[in-house]
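Look at the sequence and the structure below.

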Amino acid sequence: MEAIRRELELTRDGAGTLASPGGSVEPVPFNDLAIQWGEIADKVRAEFEQVFERSAFSHGPYVERFEREIADYLGVPHAIAVNTGTSALHLAVLAAGVGPGDEVLVPAHTFIATLWGPLYAGATPVLCDVEDATGNIDVADAARRISPRTRAIIPVHLYGQPADMDAIGALAQRHDLVVIEDTAQAVGARWRGQAAGSIGRFGCFSFYPGKNLGAAGEGGLVTALADADAARLRSLRNHGQSERYIHAEVGYNYRMDGLQAVVLRHKLRHLNRWTERRREIAERYRRGLSGLPLVVPAVCHADHVWHLFVVRTAQRDALREWLTAAAIETGLHYPVPNHRQPCLQHLGFGRQSFPASEAWAQQGLSLPLFYGMTDAQADRVVAAVREFFTRR
Ligand SMILES: *Cc1c(COP(=O)(O)O)cnc(C)c1O
């Protein structure tokens with residue numbers, strides 16, 4: 001507990017407001033969402049007027065239009081909009097028929113919301129280690145953790161790079177597991193030409209503002225391939241209503257707001273171009289940072305949408321302080337691996353080991369990478385990192 005608290009202190013310190021030393025350099029923020037807003041503001045304002053005039057605030061025609069357009073974009077038959085990515089995971093686990101007594105394979109190194117899905121449904125998350133190269137679930141390790149109670153696997157396309165969906169599909173087929181893709185960080189990424197989140201039986205997306213496709217608030221989406229799954233998801237997100245005032249089962253209020261759907265639909269039209277810019281910055285970083293005693297992210301499976309650019313070094317904390325002093329904001333994703341989270345200790349992870357997850361948690365540092373970041377900003381980050389390693 002004490003160690004975790006110390007790490008969290010560090011998280012807060014480094015992420016504090018940026019001071020510009022001597023006022024001489026422009027700070028490089030970790031993200032700047034106002035740049036996206038600048039490109040959609042006129043159209044979104046006009047459509048907001050319509051939402052208010054029609055009082056289409058909760059679900060309704062604007063949400064349905066967004067659902068159709070993102071279903072087309074992803075190439076899936078069904079897209080069910082919800083209020084958060086966490087709700088998407090919860091509903092996918094329920095629609096998979098997973099409940100108390102069942103086990104669900106999840107990576108140890110991910111945002112904790114991946115685990116909330118199984119936990120909210122009363123199932124047990126079984127943590128698996130991740131690949132050292134990508135941070136994505138290690139399928140060989142997952143195979144070793146399968147028991148007669150294992151019902152599903154939730155691969156996370158971490159930082160925007162698809163997990164190995166061939167190996168995951170083969171494992172799932174062999175053991176009759178439902179595949180639920182946590183695509184919160186990878187909207188627009190592809191695996192062998194198929195959109196991430198369109199390959200498993202369910203795909204879960206988050207539209208939290210900082211995600212590659214971000215709402216002006218909260219938002220999420222579940223995709224489904226089967227008509228019956230889609231019908232169940234639509235019912236579950238709307239109080240378990242199969243028809244009006246008939247509640248076939250205990251449901252939830254997980255509907256999306258009309259205003260969020262407007263923002264998301266307009267942003268979706270720019271998403272591919274915004275992603276291309278992310279790729280340019282990532283390439284610039286990869287070239288600029290080569291040859292240093294620093295692990296730059298590996299691109300193992302052609303398509304990566306660079307939600308985050310996470311480098312690894314044993315000197316992570318010192319590098320982070322150095323960059324903060326140079327007015328460059330960084331992030332930690334995620335400094336406390338899930339097997340060490342206080343709320344999960346009853347699951348007995350203490351006796352298991354997750355060496356690659358530990359390494360990512362202790363060494364990973366997220367550099368700024370966002371749509372609208374300039375080449376000059378990226379070059380300043382590269383120069384500051386190079387200086388850190390050459391000065392000592
Ligand atoms: C953001 C995120 C979620 C949760 O999404 P919310 O919309 O914040 O509820 C789930 N999994 C991963 C990997 C995420 O990054």
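Which ligand atom lies 2.8 Å from a polar side-chain atom of D182? That atom is a nitrogen. Such a pair is a polar contact, meaning two N or O atoms within 3.5 Å; within protein, one must be able to donate a hydrogen and the other to accept it, and residues adjacent in sequence count only if both atoms are side-chain atoms. The side chain of Q185 places a polar atom 2.9 Å from an oxygen atom of the ligand. For K211, a side-chain N or O atom is 3.1 Å from a ligand oxygen. Taken alone, the ligand exposes 380 Å², and the protein buries 93% of that (accessible areas come from the Shrake-Rupley method with a 1.4 Å probe; for residues, only the protein chains shown count as cover).

The model is predicted: local features need pLDDT of at least 70, side-chain atom pairs count only at pLDDT 80 or more, and totals for chains, interfaces and linings use all residues. Residues are numbered from 1 along each chain as its sequence is written, and side-chain values use heavy atoms, with hydrogens and water left out.

Around the ligand there are 16 residues, of which G85, T86, D182, S206 and K211 come nearest (a residue is near if one of its heavy atoms lies within 4 Å). This shell divides into six nonpolar, eight polar and two charged residues. Here Ala, Val, Leu, Ile, Met, Phe, Trp, Tyr, Cys and Pro count as nonpolar, Asp, Glu, Lys and Arg as charged, and the others, Gly among them, as polar. Helix α4 (85–95) and helix α5 (113–120) each supply at least two shell residues; the largest share, three residues, comes from α4. Helices (H or I, at least four residues) and strands (E, at least two) are DSSP runs, numbered from the N terminus.

The rings come next. The structure holds 11 aromatic pairs, that is, rings of Phe, Tyr and Trp (its six-membered ring) with centres within 6.5 Å; planes under 30 degrees apart count as stacked, over 60 as edge-to-face and the rest as tilted. The rings of W322 and F388 have centres 5.9 Å apart and planes at 65 degrees, so this pair is edge-to-face. The pair links distant parts of the chain, since W322 is in α11 (residues 316–325) and F388 in α13 (residues 375–390), 66 residues apart.

Last, the backbone. A cis peptide bond, with omega about 10 degrees, joins H333 and Y334. Y334 is in the loop between α11 and α12 (355–363).
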